[in-house]
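Please have the model open while reading.

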Amino acid sequence: MNTAFFVPWIIEVIDFHQTLEVNGIRFWCYTAGHVLGAAMFMVDIAGVRVLYAGDYSREEDRHLRAAEIPQFSPDICIIESTYGVQLHQPRNVREKHFTDVIHSTISQGGRVLIPAFALGRAQELLLILDEYRSNHHELHNIPIYYASPLAKRCMAVDQTYIKSMNERIRNQLANSNPFDFKAISPLKSIKNFNDVGPSVVMASPSGLQSGLSRQLFEIWCSDKKKACVTLMNGLTAPLNMQVHYISLPAHADFAQTSTFLKELMSPNIILVHGEASEMGRLKQKLVT
């Protein structure tokens, strides 16, 4: 007879840059950008340093710091290749496209559905929406909702750890909590939604495969006055509504990755977290 033993996890909270040693292995971490609390770990084993970058972004956005450059060059760097050799548009261009689509749709009496990840991108999008609305009086009576129980729980974390965010957000804290949105309301379910007149709804999941985003998509997709601003590729459905793909990524593009690796000066690079052909193209461009 097989016997299973439960070994409890030992979880210890550490600070960024705090060095720990376990069985002769030393490690510490750096801010990685990407999402609140994301970390890159430097692991030192018998003098050989390995940097595990994981998901990271060197671009500071509306609330997150950019990934740090470690003060030591690692012998090995394990790094994501999500976007391969692709280049992101400038952030101000992406944000303008996003807000222009919303404003245009609302001005025509339509509704806007924004399928989004509940963690990280949802909070960034809400900051953009809140600022844009406050600067445009004609939108002050337009209801804005976020329909994601997980996003609501994440919001409580964001409100608590403001001091872990970038300087822009920390400075706002002197006046009010930037994540205490006065004009953006949580939406629990379709039953609680008064679907009358123009509105903006950010809902999860981002892939529209189920949940509130899928329900609203099915209700609205036949109306030409409505728009779906999708943050992911691959949306296919018979529809009359406008569909806009806008990338507001939390991952590094080729420019960020190549610059980051040049500054690190690591002699050995391992690419992870990417589609095989995209990794191949990235490898080729990095070595030429």
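The residues lining the largest cavity divide into 4 nonpolar, 3 polar and 8 charged; here Ala, Val, Leu, Ile, Met, Phe, Trp, Tyr, Cys and Pro count as nonpolar, Asp, Glu, Lys and Arg as charged, and the others, Gly among them, as polar. A cavity is a set of points on a 1 Å grid over the protein atoms alone where a 1.4 Å probe fits but cannot get out, and lining residues have an atom within 4 Å of a point. This is a predicted model, in which local features need pLDDT of at least 70 and side-chain atom pairs count only at pLDDT 80 or more, while totals for chains, interfaces and linings use all residues. Residues are numbered from 1 along each chain as its sequence is written, and side-chain values use heavy atoms, with hydrogens and water left out.

**Largest cavity**

- The volume of the largest cavity is about 110 Å³, where a volume is the space filled by probe spheres set on the grid points, which are joined across faces, edges and corners.
- Its lining comprises 15 residues, and Glu59, Asp61, Arg121, Pro249 and Ala250 lie nearest the centre.
- Helix 1 (91–107) and helix 2 (121–134) each supply at least two residues of this lining; helices (H or I, at least four residues) and strands (E, at least two) are DSSP runs, numbered from the N terminus.
- Helix 1 gives the largest share of the lining, 3 residues.

**Second largest cavity**

- The residues that line the second largest cavity are Ile102, Ile106, Leu129, Tyr132, Arg133, Leu139, Ile142, Ile144 and Val200.
- By class, this lining has 8 nonpolar residues, no polar ones and 1 charged.
- At least two lining residues come from each of helix 1 and helix 2, with helix 2 giving the largest share, 3 residues.

**Packing of helix 1 and helix 2**

- Two packed helices are described by the angle between their axes and the distance between the axes.
- The axes of helix 1 and helix 2 come within 11 Å and cross at roughly 65°; axes are lines fitted to C-alpha atoms, for helices over the stretch in contact, and angles run from 0 to 180 degrees between N-to-C directions.
- The crossing of helix 1 and helix 2 is right-handed, that is, the near helix is turned clockwise from the far one by less than a right angle.
- Arg91, Glu95, Phe98, Thr99, Ile102 and His103 of helix 1 meet Glu124, Leu125, Ile128, Leu129 and Tyr132 of helix 2, contact meaning heavy atoms within 4.5 Å.
- These contact residues comprise 6 nonpolar, 2 polar and 3 charged.

**Backbone exceptions**

- Most residues other than glycine have a negative phi, and most peptide bonds are trans.
- Serine 204 and proline 205 are joined by a cis peptide bond with omega about 0°, and proline 205 lies in the loop between strand 9 (199–203) and helix 5 (211–220).
- Leucine 208 is in the loop between strand 9 and helix 5 and has a positive phi of about 60° without being a glycine.
- With a relative accessible area of 2%, leucine 208 is buried; buried means under 20% relative accessible area, exposed over 50%, and partly exposed in between (1.4 Å probe, protein chains only).
- Asparagine 23, also not a glycine, has a positive phi of about 50°.
- Asparagine 23 sits in the loop between strand 1 (20–22) and strand 2 (25–31) and counts as exposed because its relative accessibility is 77%.

**Two further loop residues**

- Leucine 248, in the loop between strand 11 (242–245) and helix 6 (254–264), counts as buried at 10% relative accessibility.
- Between leucine 248 and arginine 94 there are 6.8 Å in space, C-alpha to C-alpha, and the two are 154 residues apart in sequence.
- Proline 74 is in the loop between strand 4 (48–54) and strand 5 (76–80) and counts as buried at 1% relative accessibility.
- Neighbours within four places in sequence aside, proline 74 is in contact with Met42, Arg49, Leu51, Leu264, Ser266 and Pro267.

**Overall**

- The protein has 7 helices and 12 strands, and 43% of its 288 residues count as buried.

Definitions and conventions: On a 1 Å grid over the protein atoms alone, a cavity is a set of points where a 1.4 Å probe fits but cannot get out, and a pocket is an open set with protein on both sides within 12 Å along at least five of seven lines; lining residues have an atom within 4 Å of a point.
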